[in-house]
Amino acid sequence: MAQKSVDAATLVEIEQTGTDIRAEIAAFDKLVSEVGRISPASAAELGGIGDALRLVLLEITELGTRMYAVRWQVA
């Protein structure tokens, strides 16, 4: 079965998505830090959300890597 190619616009979009998620993680980390000054317990409860955001970033990064491999037919 022939593998489909990935166009450059899609690769740019996946890179932008990763950049956007990194910015959201940074903003979230700043927020958690501010919350932590007021309530360490609340900040600790928010930790799972930060972990989830990082997992999303990891998935996007892995998807992008696979898409680049398809684009340039790298094994």
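Ile-21 touches Leu-53, Val-56, Leu-57 and Ile-60, not counting residues up to four places away in sequence; contact here means heavy atoms within 4.5 Å. Ile-21 lies in helix 1, where helices (H or I, at least four residues) are DSSP runs numbered from the N terminus. With a relative accessibility of 13%, Ile-21 counts as buried, the classes being buried under 20% relative accessible area, exposed over 50% and partly exposed in between, for a 1.4 Å probe and protein chains only.

The structure is a predicted model, in which local features need pLDDT of at least 70 and side-chain atom pairs count only at pLDDT 80 or more, while totals for chains, interfaces and linings use all residues. Residues are numbered from 1 along each chain as its sequence is written, and side-chain values use heavy atoms, with hydrogens and water left out.

**Helix 2**

Helix 2 comprises 32 residues, 40-71, and at 1.5 Å a residue should span 46 Å, which agrees with the 46 Å between its end C-alpha atoms; the expected span is 1.5 Å times one less than the number of residues. A kink of about 30° is centred on Leu-46, the bend being the angle between axes fitted to the seven residues ending at a residue and the seven starting there. After the helix comes Gln-73, with a positive phi near 50°.

The buried residues of helix 2 are Ala-43, Gly-50, Leu-57, Ile-60, Gly-64, Met-67 and Val-70. Their cover includes helix 1 (8-38).

**Nonpolar core**

The largest nonpolar core consists of 9 residues: Val-6, Leu-11, Ile-14, Ile-21, Ile-25, Leu-57, Ile-60, Met-67 and Val-70. Helix 1 and helix 2 each supply at least two residues of this core. Such a core is a set of buried Ala, Val, Leu, Ile, Met, Phe, Trp, Tyr and Cys residues joined through side-chain atoms within 4.5 Å. Leu-57 touches Gly-18, Ile-21, Arg-22 and Ile-25, with residues up to four places away in sequence not counted.

**Salt bridge**

The count comes to 1 salt bridge, defined as a side-chain nitrogen of Lys or Arg within 4 Å of a carboxyl oxygen of Asp or Glu. Arg-54 pairs with Asp-29, the closest N and O atoms being 2.5 Å apart. The pair links distant parts of the chain, with Arg-54 in helix 2 and Asp-29 in helix 1, 25 residues apart.

| Residue | Relative accessible area | Class |
|---|---|---|
| Arg-54 | 38% | partly exposed |
| Asp-29 | 33% | partly exposed |
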